[in-house]
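Here are some notes to read alongside the model. Keep the structure open and check each point as you go.

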Amino acid sequence: MASLPPIDRTPSLVGAVLDFTPTAFLARLLLVSAYLVGGIDKLGDWPAALAEQAHFGLTPPALWAALTIAVELIGPLLILSGRLVWLGAGMLGVFTFFAALVANAFWAMPDGPERFGAMNAFFEHMGLVGGFVLVAVLARKGQRDA
């Protein structure tokens, strides 16, 4: 049996915001803003970038700091430019997934507020990973529809 098409009950104001041309760009900018700020900050304070990598046990810290800066700057620029969106979203999604494993290992912590905070941060980062997958899916869909 064929299913009926979904009924769009989106309120007109919400529809107008979603259809407004800059909305998609602004949403992508909000999604990648922390990465851009982080990459610029690390680029401007190399000793702090090295210290951060060492804090998480990543050696050699200079290699990991350089890779982090590259991902945090190139990934967002690809997403914002609309070119190779799959690559930018993939870079940031994989980076975010592994960073969450390294920085928010709540499963290895005793019960308490620190564990709760790390668990919260971990799942917030998993939400970002999902957001990057959606960005890539929507960019691919837009290419097919164009």
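1. Start with a cut-off. A residue is buried under 20% relative accessible area, exposed over 50%, and partly exposed in between. Proline 11 has 48% relative accessibility, so proline 11 counts as partly exposed. Keep in mind that this is a predicted model.

2. Where is proline 11? It lies in the segment before helix H1 (12–19). Now look along the chain to leucine 134, which is 123 residues apart from proline 11. The C-alpha atoms of the two are separated by 23 Å.

3. Turn to helix H2. It covers residues 21–44, 24 residues in total. From first C-alpha to last, H2 reaches 33 Å, close to the 34 Å expected at 1.5 Å a residue. Yet H2 has a kink of about 50 degrees, centred on valine 32.

4. Which residues of H2 are buried? Valine 32 is one of them.

5. Next, some background on the backbone. Most residues other than glycine have a negative phi, and most peptide bonds are trans. Two places deserve a look with that in mind.

6. The peptide bond from threonine 59 to proline 60 is cis. Its omega is near -10 degrees. Proline 60 sits in the loop between helix H3 (46–55) and helix H4 (61–81).

7. Leucine 84 is not a glycine, but its phi is positive, about 50 degrees. Leucine 84 belongs to the loop between H4 and helix H5 (85–103). Its relative accessibility is 45%, so leucine 84 counts as partly exposed.

Methods: Residues numbered from 1 in each chain as written. Predicted model: local features only at pLDDT ≥ 70, side-chain atom pairs only at ≥ 80, totals over all residues. Heavy atoms only, no water. Helix = DSSP H or I, 4+ residues; strand = E, 2+ residues; numbered from the N terminus. Buried < 20%, exposed > 50% of the residue type's maximum accessible area, 1.4 Å probe, protein only. Expected span 1.5 Å × (residues − 1). Bend = angle between axes of the 7 residues up to and from the residue.
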